[in-house]
Amino acid sequence: MCTPRVFLSLLLPGVLIAGCSETRPKTLDELYEEERQLPAVFLTAESGKRITAPGNTGVFVDEGSGELAWRALICTNPDCPATPPTGEEPFLFIAVDPALVAQPDGTVGYDRSRVDEADNYFGNCPECLKTRNLAGESDEDRQRYSNWATPYVLPETAQRREELAEARKQREAELQERMGRTD
Ligand SMILES: [Zn+2]
């Protein structure tokens, strides 16, 4: 027979462990900060090396290759020629600003003389570009293609984002309730 006393002693180690560990819920700021730092995919400009880094990292110099690494983009055009079969990772590309350069000391430099090298289709999907009739395109079409390029979000990041949004909602509701009580 399991008497209440035995039952309690079985539970106790778990209670102690829970009591010692950090159980304080995250603040809203911490939840936002975690979201900003969720992993994202970057690709280097020349060799296309894939790197996973916090999503709030800007353009950076990859230590191994010495190349600039840029945030990976995807094309959301439903008729994109590079659309992969369902379930496969989308085609990734990058928008390279020619004025940013990798410096030997590992920092990102700015080359003013290269500013004009950026073309009108900066950031557009390169696969769609191959099939577009650029001369005959309307402004609306051009804008649509531009909007179709969007940062790639890793499946695990998308999932964690949803959890964080839910956690924020809870925190906000708790804060609201607490404020209501002091009125
Ligand atoms: Zn495309």
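Biologist: What makes β3 and β4 a pair in this predicted model?

Modeller: β3 and β4 are joined over 2 bridges, in the antiparallel sense. The cut-off is at least two bridges, so they count as paired.

Biologist: What is the strand order of the open sheet?

Modeller: The order is β2-β1-β4-β3, with 4 strands and antiparallel pairing.

Biologist: Why are β2 and β3 said to stand at the edges?

Modeller: β2 (50–54) and β3 (60–61) each have a single partner strand. One side of each therefore has no neighbour in the sheet.

Biologist: Why is Ala158 called exposed?

Modeller: Ala158 has 10 C-beta neighbours inside 10 Å. Exposed means 12 or fewer, so Ala158 qualifies.

Biologist: Where is Ala158 placed?

Modeller: Ala158 lies in helix α5, residues 155–182.

Biologist: Which residues have the most contacts inside the largest nonpolar core?

Modeller: They are Phe42, Leu43, Leu68, Trp70, Ala72, Leu73 and Ile94, in a core of 17 residues. β1 (39–44), β4 (68–71) and β5 (73–75) each give two or more residues to this core.

Biologist: What is Ala72 in contact with, leaving aside its neighbours within four places in sequence?

Modeller: Ala72 is in contact with Val41, Phe42, Leu43, Leu92, Ile94 and Tyr152. Each counts as a contact because its C-beta atom lies within 7 Å of that of Ala72.

Definitions and conventions:
Residues numbered from 1 in each chain as written. Predicted model: local features only at pLDDT ≥ 70, side-chain atom pairs only at ≥ 80, totals over all residues. Core = buried A, V, L, I, M, F, W, Y, C linked by C-beta atoms within 7 Å. Buried ≥ 20, exposed ≤ 12 C-beta atoms within 10 Å, placed from the backbone. Contact = placed C-beta atoms within 7 Å.
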